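Here's a quick briefing to read alongside the model. Have the sequence and the 3D view open while you go through it.

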Amino acid sequence: PIYTRFGKRIRKLRQERGWTQTYLSVHTGLGRPFISNIERGQKEPCLRSLEILALGFEMSLSQLMRGI
């Protein structure tokens, strides 16, 4: 499913930057459990959360979704 592929993408981007889930949480204002659930494919993020994650990674929404 797309939310599983998206979770893998978020984990990869986070790890490439050397960030912990806690750092990403503080950096974006999203809860650490929420980020964990996204990365494990157990949560489907809403559009606002997608936008927040894209801004957190300093990329556009289309760049965030690339390859999914």
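How many aromatic pairs does the count come to? The count is 2 aromatic pairs, and keep in mind that this is a predicted model.

- W19 is buried, at 18% relative accessible area, because the cut-off for buried is under 20%.
- Y23 comes out as partly exposed, with 39% relative accessibility.
- W19 also pairs with F57, and that pair is stacked: the centres are 5.4 Å apart, with 10 degrees between the planes.
- The W19–F57 pair ties together distant parts of the chain, 38 residues apart. W19 sits in the loop between α1 and α2, while F57 is in the loop between α4 and α5 (61-65).
- Both W19 and F57 are buried.

**Nonpolar core**

- The largest nonpolar core counts 16 residues, and F6, I10, L24, L53, F57 and L64 have the most contacts inside it.
- Two or more residues of this core come from each of α1 (2-16), α3 (32-39) and α4 (47-56).
- α4 is the top contributor, giving 4 residues.
- Leaving out residues up to four places away in sequence, I10 touches L24, I38, E39, L53, F57 and L64.

**Helix α2**

- Which residues of α2 (residues 21-28) are buried? They are Q21, L24, S25 and T28.
- Looking down the axis of α2, these buried residues fall within an arc of 105 degrees, so they line one face of the helix.
- Packing partners for the buried residues of α2 are α1, α3 and α4.
- G29 follows α2, and its phi is positive, near 85 degrees.

**Helix α3**

- F34, I35, S36, I38 and E39 are the buried residues of α3.
- Those buried residues pack against α1, α2 and α4.
- Just after α3 comes G41, with a positive phi of about 75 degrees.

Notes. Residues numbered from 1 in each chain as written. Predicted model: local features only at pLDDT ≥ 70, side-chain atom pairs only at ≥ 80, totals over all residues. Heavy atoms only, no water. Core = buried A, V, L, I, M, F, W, Y, C linked by side-chain atoms within 4.5 Å. Buried < 20%, exposed > 50% of the residue type's maximum accessible area, 1.4 Å probe, protein only. Contact = heavy atoms within 4.5 Å. Arc of directions from axis to C-beta. Phe/Tyr/Trp six-rings, centres within 6.5 Å; stacked < 30°, edge-to-face > 60°.
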